[in-house]
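Morning, everyone. I have one model to go through today. Let me put it on the screen.

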Amino acid sequence: MGMIKTGWDSNVIWSVSAGGKNSDLGSKVYQLTDGSLICAGTFTDTITGSPKQKEILVVKLSSSGSVVWKKTYGGAGNQTAQDIVKTSDGFIILGSTDIERQPVSDSTGNEAGKPDILLLKITETGDSVNSVPHGLGKNDIGAAIKPDNTGKYVVLGTTERSLSGQAKNNLFLIRVNSLGDAIEQNFIGGMDDEVAADMEVLTDGYLLAYTVGKDMANQKIQVTKLKNDIYAQPYFSNSITITDPVNPDISSCGVNSVSRYNTDSFVLAGYSGTGSTSRMMVFEMDGNGNPVAGNQVIKGSTGIQVAYDVVAGDDGYIIAVGKNSYDINSMITLLKFRFWVKTSVNPEKSPNQ
């Protein structure tokens, strides 16, 4: 797991690595009010045979990059971490587990080796409090967890479970309490292949961002706004395609992250194109699920570029983090920019800064 702090100019202030001699990785970092950081990821142990067993790895760092504590959480099978959220008395880690869960059937339990969504509750000092799997007998994978407007938490994931009028992968939405126990759940999707990416909690519901289409040559971004009642019909569900001016014949694109931008808009980050043609993509979307004309940035050259996360500051700057891969090498990429703001001095919209 690699953790890097940079200055506003992207120069490295400090860097920390945590893990063992096998492949380990970080998935999410959460900054606390005192400036310290909680990082969630996956540790590959050094004891079991082949394949090596995976465990959840959580590291707390001080604001200066010193390790305060680091712990792993596992057991039978494999456990990995995808996201982390602060609670009033600790943290909930969103991850996965592939242990068997009885009774195994299409609608209950889980076969050994198939992923379940896992919610792990830990204290402020990293002690395990509760561990709850969620799933329905097939492959279920978590994407994001956020606090909602009722003091509870909402989990967005992907499931192979389908209801009437659905097929392939669908979105899995679960509302849970502070221990990770389910309160209610729903499946959202149609006959296409929907894969969850990220979400934002709104005052009147939830904004879900996901990629539709498993065919690598024909993916598209979908956004759905739900009411606070997760069983109600959505406010809207829009399909979005962003055209890359460098590769105008390629219409495939996907999303990995969404973040609040202005009062009534959002920024989404992901990729344009597929495989060796993919380029890092960030664009603005209004509150009705429509792209804002001209407010898009697509970057990349040789190799594969992807944006995995995005945040927007009050000053209008946007920072996306991703990777740039070429041959066998891969590097972390930071992209910082802001969309041109129309003023009396600059009355005409100009290219992105």
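Predicted model: local features only at pLDDT ≥ 70, side-chain atom pairs only at ≥ 80, totals over all residues.

Leaving aside its neighbours within four places in sequence, which residues is D127 in contact with?

Start with the fold elements. There are 25 strands and 0 helices in the protein. The radius of gyration is 20 Å, and the globule rule gives 20 Å for 353 residues, so the protein is as compact as a globular protein of that length. Along the principal axes, the C-alpha atoms fill a box of roughly 60 × 50 × 45 Å.

Now contacts across the chain. Take pairs at least 6 apart in sequence that are in contact: 45% of those contacts join residues at least 24 apart.

Next, the surface. The accessible area comes to about 16,600 Å². Carbon and sulfur atoms account for 51% of that. Of the 353 residues, 46% are buried.

Charges next. I count 30 positive side chains and 37 negative ones. The centres of the two sets lie 2 Å apart.

Back to D127. The residue is in the loop between β9, residues 116–122, and β10, residues 128–134. The answer to my opening question is K71, K121 and I122. Look at K71 in that list. In sequence, K71 and D127 are 56 residues apart. In space, their C-alpha atoms are 8.7 Å apart.

Is D127 buried or exposed, or in between? Its relative accessibility is 40%, so D127 counts as partly exposed.

Compare a strand position. S272 belongs to β20, residues 265–272. Its relative accessible area is 2%, which means S272 is buried, since the cut-off is under 20%.

Definitions and conventions
Residues numbered from 1 in each chain as written. Heavy atoms only, no water. Helix = DSSP H or I, 4+ residues; strand = E, 2+ residues; numbered from the N terminus. Rg over C-alpha atoms; globule rule 2.2 N^0.38 Å. Buried < 20%, exposed > 50% of the residue type's maximum accessible area, 1.4 Å probe, protein only. Contact = heavy atoms within 4.5 Å. Areas by Shrake-Rupley, 256 points an atom, 1.4 Å probe, with all protein chains shown as cover. Lys, Arg positive; Asp, Glu negative; His and termini not counted. Charge placed at Lys NZ, Arg CZ, Asp CG, Glu CD.
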